[in-house]
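Thanks for coming, everyone. I'll keep this brief. Have a look at the structure first, then we'll walk through it.

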Amino acid sequence: MDLELISFKLCPYVQRSVITLLHKSQPFKITHIDLHNPPDWFKELSPSGQVPVLKVGGSDVLFESAVINEYIDDITPPRLHPDDPLKRARHRAWIEFGSSCMRDILSIIEAQTETAFEETRLALMRKLERIEPELGAGRLFAGDDLCLVDAAWAPLFMRLDILGETRNLFEGASLDKVCRWSEALLALEQVQKSVVPELRELYHGMIENRGGEYARLALLPES
Ligand SMILES: N[C@@H](CCC(=O)N[C@@H](CS)C(=O)NCC(=O)O)C(=O)O
């Protein structure tokens with residue numbers, strides 16, 4: 001199957017699909033675009049104007065990371081989604097929840113005051129506390145084998161890890177299992193290889209451009 005993933009180097013949603021493709025050892029081509037100045041062919045291709053987009057067989061087009069990941073999973077057995085319909089629905093729900101946590105990270109980065117920063121940080125911590133009891137004794141979300149929830153959450157943990165280098169975002173939160181899950185995910189080869197080598201620098205650049213309190217306190221040199 002001829003697969004081409006249209007990407008923006010910083011995009012965590014694209015990264016979800018890259019993790020799944022790498023995990024499945026499925027060959028694919030990746031084409032990075034500049035989302036701030038998207039080429040005309042991309043505007044034609046993507047109904048939402050967003051990445052990821054997956055071109056299949058040169059002509060068919062898929063969009064939305066959760067849908068793309070399910071398609072990749074469907075065509076490359078064995079499945080990473082549970083067979084049981086109720087369990088599968090619950091996994092889909094936690095993937096959606098992961099997307100909402102990803103948006104919370106943007107709110108943290110964009111917070112313009114220390115109070116807003118703290119409010120947005122705590123809002124995300126409260127959400128992570130909701131997934132904590134879902135985690136069992138295994139290393140990953142549903143045991144020791146990777147599932148699509150893992151692929152969806154690893155990009156979020158990678159960004160929290162970078163942000164955490166200069167400010168402890170987990171302060172005051174009871175998230176032992178979430179932290180263990182994050183560590184296990186970030187140690188996986190398919191996760192480490194799912195981003196460009198310069199991701200950290202690009203991410204810092206993006207944070208500085210947003211000009212929030214986090215950038216002022218954690219990244220910019222004191223004047
Ligand atoms: N719900 C989408 C979200 C994708 C998304 O937000 N992509 C961002 C880049 S990380 C994007 O393309 N933004 C450009 C825009 O919204 O115009 C998914 O899961 O695929």
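Start with E132. Leaving aside residues up to four places away in sequence, E132 touches S174, L175, D176, K177 and V178. Keep in mind that this is a predicted model.

Where does E132 sit? In the loop between helix 5 (114-131) and helix 6 (148-164). E132 is buried, yet has no salt bridge. The nearest side chain of opposite charge is K177, 5.5 Å away. What the side chain of E132 does reach is the backbone nitrogen of K177, at 2.8 Å.

Now the ligand. Residues around it include C11, P12, Y13 and L35. Q50 puts a side-chain N or O atom 3.1 Å from a ligand oxygen. A polar backbone atom of V51 is 2.9 Å from an oxygen atom of the ligand. E64 has a polar side-chain atom 2.8 Å from a ligand nitrogen. The ligand alone exposes 520 Å², and the protein buries 69% of that.

Next, the backbone. Most residues other than glycine have a negative phi, and most peptide bonds are trans. Which residues go against that? E64, for one: its phi is positive, about 80°. E64 lies in the loop between strand 4 (60-63) and helix 3, and is partly exposed at 40% relative accessibility. S25 also has a positive phi, about 50°. S25 counts as exposed, at 64%.

Last, the cis bonds. V51 and P52 are joined by one, with omega about 0°. The bond from P77 to P78 is cis too.

How values were computed
Residues numbered from 1 in each chain as written. Predicted model: local features only at pLDDT ≥ 70, side-chain atom pairs only at ≥ 80, totals over all residues. Heavy atoms only, no water. Helix = DSSP H or I, 4+ residues; strand = E, 2+ residues; numbered from the N terminus. Buried < 20%, exposed > 50% of the residue type's maximum accessible area, 1.4 Å probe, protein only. Lys, Arg positive; Asp, Glu negative; His and termini not counted. Salt bridge = Lys/Arg side-chain N within 4 Å of Asp/Glu carboxyl O. Polar contact = N/O pair within 3.5 Å; in protein donor to acceptor, adjacent residues only side chain to side chain. Contact = heavy atoms within 4.5 Å. Near = heavy atom within 4 Å. Areas by Shrake-Rupley, 256 points an atom, 1.4 Å probe, with all protein chains shown as cover.
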